[in-house]
Amino acid sequence: MKRTQMISRRSFLQAAAAAAAACSALALTGCGSASPASSASAASGEASGTVYKVGVVNYVDDASLNQIVASLEARLDEAGAERGVTFNYADYYSNAQADQSNLNQIGADLVADDVDVIVAVATPSASTMLAAVEDTDIPVIYSAVTDPVGAGFDGLPNITGTSDALNTEAIMNLILSINPDLDQLGLLYDLGQDSSTQAIADAKAFCDAHGISYIEKNGTNTAEVQMAVEALAASGVKVVFTPTDNTIMTAELAIYETMIEAGIQHFTGADSFALNGAFVGYGVDYVQLGEATADMVVELLCDGKTVADLPYRTFDNGTATINTETCAALGLDLETVETAFEPYCTAIEELVTAEEFE
């Protein structure tokens with residue numbers, strides 16, 4: 001069992017960049033679209049002058065998605081320096097702020113800009129960008145799409161990417177490890193978030209199989225989520241589950257204190273929830289997710305790969321991240337919690353509440 005303190009995103013990316021640069025020196029050659037002369041100059045570390053236009057569409061500001069974008073950009077910078085090319089994402093980055101009309105306009109603009117690839121972060125972004133590139137040859141690479149098959153992306157000729165699919169049963173086991181007599185579970189999510197659909201269905205099935213009742217509360221924005229949490233607190237529920245739901249993630253800083261005051265343990269589907277005050281986050285490392293997404297961009301643009309050569313990728317869900325401040329505020333002993341968690345995860349990390357990964 002690995003137990004670590006959470007390092008900062010900046011430190012992680014610096015270390016990852018150094019390690020990946022060393023690997024790239026052995027594994028990477030010049031970009032397939034460059035001329036032989038350009039490839040030779042790239043291999044020698046000289047700029048080939050090739051510039052790729054990379055559209056990046058973030059669905060909304062939240063710690064998880066912003067973390068993906070930051071690690072994606074760092075990885076592209078690193079790969080570009082190694083290969084002697086430029087991945088220009090800075091001129092083609094947009095944040096839709098969870099607004100569908102914004103997404104539609106962003107898609108139209110990126111097609112008009114004739115970008116070489118669009119990176120779409122989260123399912124709504126991916127769906128809209130897929131529609132936008134219809135009748136073009138622009139590929140879409142998504143990140144943080146929880147259910148690519150359910151979203152209808154799997155097998156399509158012009159879209160692939162990385163999935164943050166959640167192992168819901170593992171989180172349920174964590175919950176029961178410290179609440180063995182649990183008889184009611186709160187489910188907090190946004191009905192409109194595709195990322196929540198399968199995980200909530202899995203959580204309900206788990207509860208049914210274990211004789212646990214559940215109470216559902218929903219919200220589509222921070223104000224509604226706050227009211228949903230107040231309703232959960234009034235119901236007397238003591239444990240709440242939220243999957244990788246962007247709406248709840250965005251609202252976490254506004255709700256975690258209410259949960260603590262009500263004695264509610266909030267178990268969630270990503271470490272970024274815990275950073276913003278939730279008791280536990282369990283799931284995908286979003287730095288790793290962003291880096292893997294960038295790697296797919298490089299393979300597509302530089303290595304002559306096609307979307308068909310790059311099936312979507314999933315990742316191990318083995319790390320439980322505990323907010324130690326919240327743990328203490330809930331009256332729980334950290335060592336006891338970690339000991340209980342050990343059989344159900346491959347690593348345990350600790351952090352304290354902050355507004356952003358730094």
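Start with helix H8 (residues 222-235) and helix H9 (residues 246-261): their axes come within 9 Å and cross at roughly 40°. That angle makes H8 oblique to H9. The structure you are viewing is a predicted model. Two packed helices are described by the angle between their axes and the distance between the axes. For H8 and H9 you now have both values.

Which residues in H8 and H9 meet? From H8 come Thr222, Val225, Gln226 and Val229. From H9 come Thr247, Ile248, Thr250, Ala251, Ala254, Ile255, Thr258 and Met259. Sorted by class, this contact has seven nonpolar residues, five polar residues and no charged ones.

Now step back to the whole protein. The protein has 13 helices and 14 strands. Of its 358 residues, 54% are buried. Next, take the contacts between residues at least 6 apart in sequence. Among these, 73% join residues at least 24 apart.

Helix H4 covers residues 100-112, and helix H5 covers residues 123-132. Their axes come within 9 Å and cross at roughly 45°. H4 is therefore oblique to H5. The crossing of H4 and H5 is right-handed. On the H4 side, the contact is made by Gln100, Leu103, Asn104, Ile106, Gly107, Leu110 and Val111. On the H5 side, Pro124, Ser125, Thr128, Met129 and Ala132 take part. The classes here are seven nonpolar, five polar and no charged residues.

Pick out one residue from this contact. Met129 lies in helix H5. Is Met129 buried or exposed? Its relative accessibility is 0%, so Met129 counts as buried. What does Met129 touch, leaving out residues up to four places away in sequence? Its partners include Leu103, Ile106, Gly107 and Leu110, and these four residues are also among the H4 residues that meet H5. Met129 also touches Val57, Ile118, Ala120 and Val140. Look again at Val140. Met129 and Val140 are 11 residues apart in sequence, and their C-alpha atoms are 7.0 Å apart in space.

Now compare a residue in a strand. Asn218 sits in strand E9. Asn218 has a relative accessible area of 30%, so Asn218 is partly exposed. Setting aside neighbours within four places in sequence, Asn218 is in contact with Tyr189, Leu191, Glu224 and Ala228. Another distance leads back to helix H8. Asn218 and Val229 are 11 residues apart along the chain, with 8.9 Å between their C-alpha atoms. Val229 is one of the H8 residues that meet H9.

Turn next to charged side chains. How many salt bridges does the structure hold? There are five. One of them joins Glu216 and Lys204, with the closest N and O atoms 3.1 Å apart. Glu216 lies in strand E9 (residues 213-218) and Lys204 in helix H7 (residues 194-209), so this pair ties together parts that are 12 residues apart in sequence. Both ends are partly exposed: the relative accessible area is 30% for Glu216 and 22% for Lys204.

One is with Lys305, at 3.2 Å from N to O. The other is with Arg313, at 2.7 Å from N to O. The Arg313 pair links distant parts of the chain. Arg313 is in the loop between helix H11 (286-302) and strand E13 (319-323), while Glu299 is in helix H11, 14 residues apart. Together, Glu299, Lys305 and Arg313 are linked in a network of salt bridges.

Glu299 has 16%, so Glu299 counts as buried. Lys305 is partly exposed, with a relative accessible area of 32%. Arg313 is partly exposed too, at 26%.

How values were computed
Residues are numbered from 1 along each chain as its sequence is written. This is a predicted model: local features need pLDDT of at least 70, side-chain atom pairs count only at pLDDT 80 or more; totals for chains, interfaces and linings use all residues. Side-chain values use heavy atoms; hydrogens and water are left out. Axes are lines fitted to C-alpha atoms, for helices over the stretch in contact, and angles run from 0 to 180 degrees between N-to-C directions. Helices (H or I, at least four residues) and strands (E, at least two) are DSSP runs, numbered from the N terminus. Angles under 35 degrees count as roughly parallel, over 145 as roughly antiparallel, 65 to 115 as roughly perpendicular and the rest as oblique. Contact means heavy atoms within 4.5 Å. Ala, Val, Leu, Ile, Met, Phe, Trp, Tyr, Cys and Pro count as nonpolar, Asp, Glu, Lys and Arg as charged, and the others, Gly among them, as polar. A salt bridge is a side-chain nitrogen of Lys or Arg within 4 Å of a carboxyl oxygen of Asp or Glu. Buried means under 20% relative accessible area, exposed over 50%, partly exposed in between (1.4 Å probe, protein chains only). A crossing is left-handed if the near helix is turned anticlockwise from the far one by less than a right angle, and right-handed if clockwise.
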